[in-house]
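Colleague: I am new to this structure and would like to learn how to read it. Could we go through it feature by feature?

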Amino acid sequence: MIIARNVSKEFNGIKAVNNISFEVKEGQTLVFLGTSGCGKTTTLKILNRLIEPSDGEITINGKNILSLQPEILRRSIGYVSQNNGLFPHYTVAENIAIVPNLLKWDKVRTSERSNILLDQLKLPVTEYANKYPDELSGGQKQRVALARALVSDPPVLLMDEPFGALDPITRANVRKEFLELPELKSKTIVLVTHDVQEAFELGDQICLMDKGIIVQTGSPEELIFKPINEFTRNFFSHQRLQLELGALKFSSIWESLTDASSSSKPSLNSNQSLWEGMEMLSEKNEETLVVRNSEDNSYKEVSIQTIQSVYLENKRNR
Amino acid sequence: MNEQLNLGQFMLQQSGKLLDQTIAHIGLTCISLLIAVAVGLPLGIWIADKKRAAWFVLGVAGILQTIPSIALLGFMIPLLGIGALPAIAALFLYALLPVIRNTYTGITGVDPAITESARGMGMNKWQILFQVEIPLAMPVILAGIRTATVINVGVATLAAYIAAGGLGEFIFGGIALNNTNMILAGAIPAALLAILLDFLLSLFQKANLKKMRKVTLILPVLLILFSSFYIIPYTSEKILAGFTPEFMGREDGYLGLKSKYKLDISTVVISDAVMYKAAFENKLDVISGYSTDGRLKAYDLVTLEDDKTIFPPYYAAPLVRQDVLQKHPELQPALDILSGVINDSIMTELNYRVDYQKQLPEKVALDFMLEKGLYKKPQTGPEAGIIRLGSKIFAEQYILINMYKMLIEGNTKLKVVTRTGLGGTKICFDALTNNEIDMYPEYTGTGLLVILKPDKKTLDPIIGNREKVFDFVQKEFSDQYKLSWLKPIGFNNAYALMMRRSQAQSLRIKTISDLKNYLSNENHQH
Ligand SMILES: Nc1ncnc2c1ncn2[C@@H]1O[C@H](COP(=O)(O)OP(=O)(O)OP(=O)(O)O)[C@@H](O)[C@H]1O
Ligand SMILES: [Mg+2]
């Protein structure tokens with residue numbers, strides 16, 4: 001649980017971060033979204049005191065971070081920096097072992113733990129453990145950086161554009177793997193990005209930032225359907241339809257869908273978004289697909305037409 | 001003794017000395033390098049995040065670098081004396097800039113994203129320094145150490161000038177004695193040493209980044225190892241002699257002192273540029289100098305009488321083309337006016353005024369001529385011809401040709417043009433025989449040993465005798481080159497052993513034999 005109150009940071013009299021407050025609940029993911037230079041990285045680095053705030057108060061799991069020694073604080077927070085920051089003179093295994101060494105883990109424990117992570121991240125130990133960063137692809141480096149941040153199982157993870165250096169296709173793939181990582185399910189994560197799609201996919205909550213302030217905080221659905229001002233509205237205008245469909249889950253429009261027979265084979269579940277439903281429909285080239293509600297085990301049918309009418313109706317009602 | 005040795009034979013014959021010199025050379029290089037790394041590395045690291053300090057430190061180290069090496073060695077003498085200590089100090093100062101600058105460049109060049117991620121993981125300042133910054137900066141730092149090493153191997157040859165030993169002893173001895181084998185016996189090992197050390201360091205530098213952590217450990221160990229070859233030589237002798245590399249190798253020098261006087265004295269090799277001062281400052285007690293050097297007076301030194309005459313006479317006299325003397329018969333009487341007028345102490349005094357009081361040679365010459373009543377206004381009227389005077393580049397010669405100019409123009413209708421600064425003996429002599437100048441002042445000993453170079457049989461019976469040497473060179477120059485030696489001016493700028501006046505007086509040493517007796521008594525008492 002992270003709570004930030006009235007945090008500011010001045011650089012030479014210019015407020016890079018201006019009196020912002022936010023909260024991240026245990027196990028949730030908060031995304032800072034905004035254009036370049038709006039203060040995202042600064043905000044993130046304040047959380048592990050790579051940057052000292054000029055003003056404000058921050059507690060992580062009930063402890064004021066300013067009361068801790070910075071090195072000790074940082075060893076309990078995973079950090080993936082904007083350009084991976086792997087040590088070029090350390091192998092993959094050595095890079096991952098940095099924090100365990102700082103925490104004085106024994107060798108066996110360190111190697112067992114890093115092997116598990118490399119496995120989860122699809123980097124076979126035998127092949128990759130002794131490679132140097134410059135022998136890896138961008139995506140592989142990113143995954144090593146992630147493993148390095150996760151190895152000591154810190155309760156909090158800070159990530160600064162972790163997928164920033166990747167091409168769009170790799171990026172989407174790595175993101176998907178990332179979402180499925182069991183390691184991350186219970187972590188409190190603060191993530192920075194300027195990619196709207198990414199923010200919507202990964203964030204439970206999104207803080208939309210501009211010029212050092214938080215313009216609006218909310219779930220993806222709230223941001224897209226209830227923008228509090230022109231800035232928020234305009235920010236999403238380029239990808240509006242996709243985002244809106246992406247922000248709507250089948251579960252939230254469950255009642256408007258027509259029932260399907262319970263013997264049919266479902267290809268979607270109710271936690272997925274209408275956008276995913278559309279993609280699946282065109283991918284499989286089917287008229288209709290069946291969605292399963294995992295809570296009450298009921299089944300509904302969707303087609304392009306139903307998605308369209310439900311979406312329009314939903315918009316009108318808001 | 002004079003039969004031709006080839007280089008291999010020479011090196012074999014001198015292998016003991018060669019080994020000593022090489023070890024001293026490695027020692028000087030490595031010790032100074034070690035200290036430079038020990039000081040420069042932390043300094044480079046310290047200034048890496050301090051812009052102002054960096055500007056200042058790099059500036060100072062840069063200025064040190066621009067001081068000519070021989071001058072830097074000279075500056076060290078009043079502070080640290082002569083020998084290994086000032087040599088190491090000077091070498092250390094030279095090695096400092098490349099080490100500091102490359103450390104600074106290396107550390108500031110480390111990608112800030114990497115150090116930041118190190119901080120982000122909870123590494124502290126020192127962990128980041130030793131585990132991240134230094135290893136990543138190591139290739140650049142090593143490049144600096146390589147530069148410093150090569151510079152130091154080169155500059156360490158100059159250590160021979162201040163009695164610190166090293167391969168410079170052979171190199172500069174060989175240059176002074178025109179002995180190619182000796183030059184090469186010093187220069188080749190020095191070059192090989194530079195190449196070898198550079199190569200060794202390049203191996204370290206090429207080691208990949210991972211091994212850098214090991215390099216960080218191995219390098220200082222190796223340096224200390226190399227340094228330990230060389231135990232800084234020091235001497236506790238009561239009387240220490242400093243001789244030039246040239247003097248050390250000459251029969252009419254150190255070799256003669258040993259064979260004719262049986263002089264047994266501890267010696268160091270040193271350059272004449274710093275020798276007088278070192279004697280003045282009690283760092284040396286006996287030196288080999290020139291009898292009329294102005295520094296004799298400046299530093300209150302006295303010459304010891306050469307009572308067994310091992311040093312050949314170096315009487316100065318005008319050396320003139322015979323055709324010019326015939327064409328202008330009035331010339332010779334004008335030149336002879338100076339004969340017998342200037343003795344050793346007068347010449348020393350005149351040299352002192354130019355070298356130390358920085359008076360112009362023209363003025364010193366004029367003052368002297370006026371004082372002696374020899375000055376006449378230049379004659380007017382139609383000129384009878386032009387006489388071209390040459391001189392080598394040092395004060396004594398400048399003074400002399402200015403005097404001759406006044407004498408010629410005051411006593412004849414001839415006009416004079418001067419061609420000063422003709423380098424050394426060889427250049428002056430060639431200019432004379434090629435009819436580019438008409439005369440210059442030369443020394444009998446130089447004429448004998450540098451130009452005529454007679455064999456030992458001819459040399460031995462005449463070398464100690466002023467008249468015989470003069471007669472010999474006069475006859476030979478006339479026969480061989482159609483040049484005339486006119487009457488000597490009077491002073492003898494020969495080699496001489498010198499001591500501080502105070503010490504010579506208190507030990508009652510007046511002659512070289514006195515010195516010899518004093519030393520053998522001393523040795524008996526031990
Ligand atoms: N160390 C610093 N000194 C001075 N100004 C800084 C410093 N760090 C950041 N800033 C300024 O603060 C503002 C916010 O920077 P920040 O790095 O937080 O932006 P960002 O949102 O992460 O941008 P990007 O998406 O480009 O990474 C910028 O205007 C930047 O110039
Ligand atoms: Mg940023």
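Modeller: Start with one residue: B:Asp49 sits in the loop between α2 (15-47) and α3 (51-66) of chain B. Helices (H or I, at least four residues) and strands (E, at least two) are DSSP runs, numbered from the N terminus. The model is predicted, so local features need pLDDT of at least 70 and side-chain atom pairs count only at pLDDT 80 or more, while totals for chains, interfaces and linings use all residues. Residues are numbered from 1 along each chain as its sequence is written, chains are lettered from A and ligands numbered from 1 in the order in which they are written, and side-chain values use heavy atoms, with hydrogens and water left out.

Colleague: Is B:Asp49 buried or exposed?

Modeller: Buried means under 20% relative accessible area, exposed over 50%, and partly exposed in between (1.4 Å probe, protein chains only). B:Asp49 has a relative accessible area of 63%, so B:Asp49 is exposed.

Colleague: Which side chain does B:Asp49 join in a polar contact?

Modeller: A polar contact is a pair of N or O atoms within 3.5 Å; within protein, one must be able to donate a hydrogen and the other to accept it, and residues adjacent in sequence count only if both atoms are side-chain atoms. Here the side chains of B:Asp49 and B:Lys50 are joined at 3.3 Å.

Colleague: How do I read the meeting of chain B and chain A?

Modeller: Begin with contact, which means heavy atoms within 4.5 Å. By that rule, 19 residues of chain B are in contact with 22 residues of chain A. Buried area is the accessible area (1.4 Å probe) that two parts lose on being put together, summed over both. Chain B and chain A bury about 1,900 Å², and carbon and sulfur atoms give 58% of this area. Of the area that chain B buries against chain A, 31% is supplied by B:Glu116, B:Arg119 and B:Met121, more than by any other three residues.

Colleague: Which side chains form the salt bridge there?

Modeller: A salt bridge is a side-chain nitrogen of Lys or Arg within 4 Å of a carboxyl oxygen of Asp or Glu. One is found across the interface of chain B and chain A: the side chains of A:Lys45 and B:Glu116 meet at 2.5 Å, N to O. The count of residue pairs in polar contact between the two chains is seven (both at pLDDT 80 or more). On the side of chain B that touches chain A, α6 (112-120) and α7 (125-155) of chain B each supply at least two residues. The most comes from α6(B), with seven residues.

Colleague: How is chain B itself divided?

Modeller: Domain bounds come from an automatic or database domain assignment. In chain B they give domain 1 (7-227), domain 2 (240-310 + 496-525) and domain 3 (316-493). The C-alpha centres of domain 1 and domain 2 of chain B are 35 Å apart. Domain 1 and domain 2 of chain B bury about 1,200 Å² between them, with 76% of it on carbon and sulfur atoms. The number of salt bridges between domain 1 and domain 2 of chain B is zero.

Colleague: Is A:Asn84 buried or exposed?

Modeller: A:Asn84 counts as buried because its relative accessibility is 16%. A:Asn84 has a positive phi of about 55° although it is not a glycine.
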